[in-house]
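Take a walk through this structure, one feature at a time. Keep the sequence and the 3D view side by side.

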Amino acid sequence: MTKIHNYYLNLAFQLAEKNLGHTGLNPCVGSVVVKNGSVISSGVTSINGRPHSESNALKKIKNCSGATLYTTLEPCTHQGKTPPCVNIIAKKKIKKVFYAFEDPDIRTFKKAKKFLNSKGIQTKLIHIKRYSKFYESYFYNKKFSVPFITGKIAISKDSFTIDKQNKWITNKVSRKIVHLIRNKYDCIISTSKSINYDNSLLNCRINGLQNNKPDLIIIDLNLRIKKKLLLNKLLKKRKTYLITYKNNSIKSMIYKKIGFKIILVNQLKSKKDFNLLFKKIYKIGYSRVLIETGLTFLNNLLTQKIINKLYIFKSNKNLGKNGKNNATNKYIKRISPILLTKNLNGDRLFKKDF
């Protein structure tokens, strides 16, 4: 039976992966309804977090009496903007419920089993090794009330981050992977220096994902972002924030009229300053943040020990005299990441969990 349970829970996780990074502060959950050995319905947490996956799966079918529900996370038991998922599970006369993680939300934690058992519904927690870190960002959110922070950097074989002769250090295959990674985050943080230099859009340019544009937060303490950039044309379709000093409040009105949203800070130097900023970002509604900046800002986050995960795309080419760094590369060199893949047409992708 364990193999059967694992099979259906794996299906549920594959569903959850679809909307990972698009459900706001709510976890992305996948659910599968099984009856007589066949999947009769499925659901995933909706974009922006509601309705929940269990509700989406069970509302599709009229008769699921005696069925089994497989779901990636413990069903919620609390009344929020939507009713508790355990209510519809009981109403639909589900016989058994299997889930892979307990929900760390104190309003639900370990309460689903007690409620469902009281309704005669068997429940069991089954851990799935393959997806053991699927909710690492959600658990981090709940523990610290800040977003899960992931960094990304591209470097040459000899550890340069800027090619004096070309815009890109890595190849097209690596850049496609970057777009896939972006698709799993609800917000990207960059700096005005990086965006002014690259005139970058920081979106997902892959067939089928073109409409998935993570919102953008730009660190621009002195308001130096250029007013004629490609991304400025998309301000009405995509939330874009500028982080700037409070003493720039008058000047920031000009950028508000263009379409930027403004977040004011006193300073951004210490770990305390960054924590305050990320708490603000979390309160706005962002749970998974991808850092796409140059080495200077990334080094700052690394030394402050704010990064949770780092992706390093490494080219197979040495840049030599054509290579340049605007900041020291010693922090990147000290990292001992694991190799995720070397099948990127010569490039390699590494990952480091902190």
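The count of salt bridges comes to 8 in this predicted model. Begin with Asp105 and Arg107. Their side chains meet in a salt bridge, with N to O at 2.7 Å. Asp105 is buried, because its relative accessible area is 7% and the cut-off is under 20%. Arg107 has a relative accessible area of 45%, so Arg107 counts as partly exposed.

Next, find Lys152 and Glu292. They form a salt bridge whose closest N and O atoms are 3.3 Å apart. This pair links distant parts of the chain. Lys152 sits in strand S6, and Glu292 in the loop between S12 and H10. The two are 140 residues apart. Are they buried or exposed? Both Lys152 and Glu292 are buried.

Now turn to Asp353 and Lys133. In this salt bridge the closest N and O atoms are 3.4 Å apart. Here too, distant parts of the chain are linked. Asp353 belongs to strand S16. Lys133 lies in the loop between strand S5 (122-125) and helix H5 (136-144). The separation is 220 residues. Asp353 is partly exposed, at 26% relative accessible area. Lys133 is partly exposed as well, at 47%. The pair also belongs to a network of salt bridges, which links Lys133, Glu136, Lys309, Lys351 and Asp353.

Which charged residue is buried yet has no salt bridge? That residue is Arg288, found in strand S12 (residues 288-291). The nearest side chain of opposite charge is that of Glu136, 5.9 Å away. The side chain of Arg288 does reach the backbone oxygen of Lys184, at 2.7 Å.

The pockets come next. The largest pocket holds about 1400 Å³ of space. Its lining has 50 residues. Ser194, Asp198, Glu292, Thr293 and Gly294 lie nearest its centre. Glu292 is the partner of Lys152 in the salt bridge described above. Several elements each supply at least two residues of this lining, including strand S6 (148-155), helix H6 (172-182), helix H7 (192-198) and helix H10 (295-303). By class, the lining has 17 nonpolar, 18 polar and 15 charged residues.

The second largest pocket has a volume of about 680 Å³. It is lined by 22 residues. Closest to its centre are Glu17, Leu20, Arg288, Lys309 and Tyr311. Lys309 is one of the residues in the salt-bridge network. S6, H6, strand S13 (309-314) and strand S16 (347-353) each supply at least two lining residues. H6 gives the largest share, 3 residues. The lining divides into 11 nonpolar, 2 polar and 9 charged residues.

Finish with the backbone. A cis peptide bond joins Arg50 and Pro51, with omega at about -5 degrees. Pro51 is in the loop between strand S2 (38-44) and helix H2 (53-58).

Two residues other than glycine have a positive phi. For Leu223, phi is near 50 degrees. Leu223 lies in the loop between strand S9 (215-219) and strand S10 (240-245). For Lys305, phi is near 55 degrees. Lys305 lies in the loop between H10 and S13. Leu223 counts as buried, because its relative accessibility is 3%. Lys305 counts as exposed, because its relative accessibility is 71%.

Notes:
Residues are numbered from 1 along each chain as its sequence is written. This is a predicted model: local features need pLDDT of at least 70, side-chain atom pairs count only at pLDDT 80 or more; totals for chains, interfaces and linings use all residues. Side-chain values use heavy atoms; hydrogens and water are left out. On a 1 Å grid over the protein atoms alone, a cavity is a set of points where a 1.4 Å probe fits but cannot get out, and a pocket is an open set with protein on both sides within 12 Å along at least five of seven lines; lining residues have an atom within 4 Å of a point. Grid points are joined across faces, edges and corners, and a volume is the space filled by probe spheres set on the points. Helices (H or I, at least four residues) and strands (E, at least two) are DSSP runs, numbered from the N terminus. Ala, Val, Leu, Ile, Met, Phe, Trp, Tyr, Cys and Pro count as nonpolar, Asp, Glu, Lys and Arg as charged, and the others, Gly among them, as polar. Buried means under 20% relative accessible area, exposed over 50%, partly exposed in between (1.4 Å probe, protein chains only). Lys and Arg count as positive and Asp and Glu as negative; His and the chain ends are not counted. A salt bridge is a side-chain nitrogen of Lys or Arg within 4 Å of a carboxyl oxygen of Asp or Glu. A polar contact is a pair of N or O atoms within 3.5 Å; within protein, one must be able to donate a hydrogen and the other to accept it, and residues adjacent in sequence count only if both atoms are side-chain atoms.
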